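Please keep the sequence and the 3D view open while reading.

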Amino acid sequence: MTLFGNLDVSGSGISASQTWLNTIAGNIANMDDVTPTDEATYGTQTPVFVPDSAFGQIGEGVTVTSIEEGDTAGIVESDPSSPLADAQGDVRVPDVQLGTQMVDMIQAQTDYQANAAALGDAKNAYQSALTLGT
Amino acid sequence: MDGIVGVLQFAADGVSQQQQATANNLANSETPGYGAQDVDFETSLQQAIDSQNGGTASITVNPDTSAPASNGNNVDTSTQLVDAEEETLQYQTVVEMLNSQFRLISGAAGGSFS
């Protein structure tokens, strides 16, 4: 732990929530992608959270170790008017669930706020420590 | 325990570690399989104060035993947020008590009491 280390713990939570929000934004932005049926489509992205901790010690926050990519097979849809359609008139579209993404977005936002609140608390405590002896 | 200053110093350290644990629990509120941590120093400090010939207090990290959700995570965000607020106030109180103690020492030594 560094000086004022509790701020870094909450900071790691804030950046993890931010990464999650970014993947959700990417997922929603790509939900209307269209690809030919012989190509892979966009896979829903989800961050992988791993705690920063040694056994028996207080943890030091969270890390996003990777971004997992969901099924790139997507859904085959009939859209004969699309210039990308195959001989059967089919195209491939991503299997992004808007409902799930919206719920995740609210969750990620709440997490961000909770970590920001804890950051403020740690700052207040450290500031009071700086008044010692004055 | 070495007098009031020693007790307060230990308490400040303990509360700061509790705050770290709370911040860490909140940071991991979405981590699958993560078990919340709980820091205890009060029990040990109380025992040290009660013992006749000055015992030693220690800070321990314990797993939170509340039931996990379907992803194996048992962090309750609202409880942790309340803990974070409480720990901040507790820390500020300890610091204020230390400052009062220092003012008392300073006054007794011929300086100012304020």
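A residue counts as buried when its relative accessible area is under 20%. Asn25(B) has a relative accessible area of 0% and is therefore buried. The model is predicted, and the points below are grouped by topic.

**Asn25(B) and its surroundings**

- Asn25(B) sits in helix H1 of chain B.
- The side chain of Asn25(B) makes a polar contact of 2.7 Å with the side chain of Tyr34(B).
- A further side-chain polar contact, of 3.3 Å, links Asn25(B) to Gln80(B).
- When neighbours within four places in sequence are left aside, Asn25(B) is in contact with Tyr34(B), Ala36(B), Gln37(B), Val75(B) and Gln80(B).

**Contact between chain A and chain B**

- Chain A contributes 33 residues to the contact, and chain B contributes 29 residues.
- The size of an interface is often given as the accessible area lost when the parts come together.
- For chain A and chain B, this buried area is about 2,400 Å², with 59% of it on carbon and sulfur atoms.
- Asn6(A), Ile58(A) and Asp121(A) account for 25% of the area that chain A buries against chain B, more than any other three residues.
- Between chain A and chain B there are 12 residue pairs in polar contact, counting pairs with both residues at pLDDT 80 or more.
- On the side of chain A that touches chain B, the elements giving two or more residues are helix H1 (5-29), strand E1 (45-51) and helix H2 (98-129) of chain A.
- H2(A) gives the most to this side of chain A, namely 12 residues.
- By residue class, the side of chain A that touches chain B consists of 15 nonpolar, 15 polar and 3 charged residues.

**Nonpolar cores**

- The largest nonpolar core holds 15 residues.
- The residues with the most contacts inside this core are Phe10(B), Ala11(B), Phe41(B), Leu45(B), Ala57(B), Tyr91(B) and Val94(B).
- At least two residues of this core come from each of H2 of chain A and helix H1 (3-27), helix H2 (42-50) and helix H3 (77-108) of chain B.
- H1(B) supplies the largest share of this core, 5 residues.
- Phe41(B) touches Phe10(B), Ala11(B), Gly14(B), Val15(B), Gln18(B), Ser58(B) and Ile59(B), with residues up to four places away in sequence not counted.
- A second, separate core has 7 residues, among them Ala16(A), Trp20(A), Phe49(A) and Ala27(B).

**Salt bridges**

- Over all chains, a search of the whole structure finds 1 salt bridge.
- Across the interface of chain A and chain B, the count of salt bridges is 0.
- In chain B, the side chains of Arg103(B) and Glu96(B) form a salt bridge at 3.3 Å, N to O.
- Arg103(B) counts as partly exposed because its relative accessibility is 29%.
- Glu96(B), at 43% relative accessibility, also counts as partly exposed.

**Gly5(A)**

- Gly5(A) lies in helix H1 of chain A.
- Gly5(A) has 3% relative accessibility and so counts as buried.
- Gly5(A) and Gln57(A) are 52 residues apart in sequence, and their C-alpha atoms are 14 Å apart in space.

Terms used:
Residues are numbered from 1 along each chain as its sequence is written. Chains are lettered from A and ligands numbered from 1 in the order in which they are written. This is a predicted model: local features need pLDDT of at least 70, side-chain atom pairs count only at pLDDT 80 or more; totals for chains, interfaces and linings use all residues. Side-chain values use heavy atoms; hydrogens and water are left out. Contact means heavy atoms within 4.5 Å. Buried area is the accessible area (1.4 Å probe) that two parts lose on being put together, summed over both. A salt bridge is a side-chain nitrogen of Lys or Arg within 4 Å of a carboxyl oxygen of Asp or Glu. A polar contact is a pair of N or O atoms within 3.5 Å; within protein, one must be able to donate a hydrogen and the other to accept it, and residues adjacent in sequence count only if both atoms are side-chain atoms. Helices (H or I, at least four residues) and strands (E, at least two) are DSSP runs, numbered from the N terminus. Ala, Val, Leu, Ile, Met, Phe, Trp, Tyr, Cys and Pro count as nonpolar, Asp, Glu, Lys and Arg as charged, and the others, Gly among them, as polar. A nonpolar core is a set of buried Ala, Val, Leu, Ile, Met, Phe, Trp, Tyr and Cys residues joined through side-chain atoms within 4.5 Å. Buried means under 20% relative accessible area, exposed over 50%, partly exposed in between (1.4 Å probe, protein chains only).
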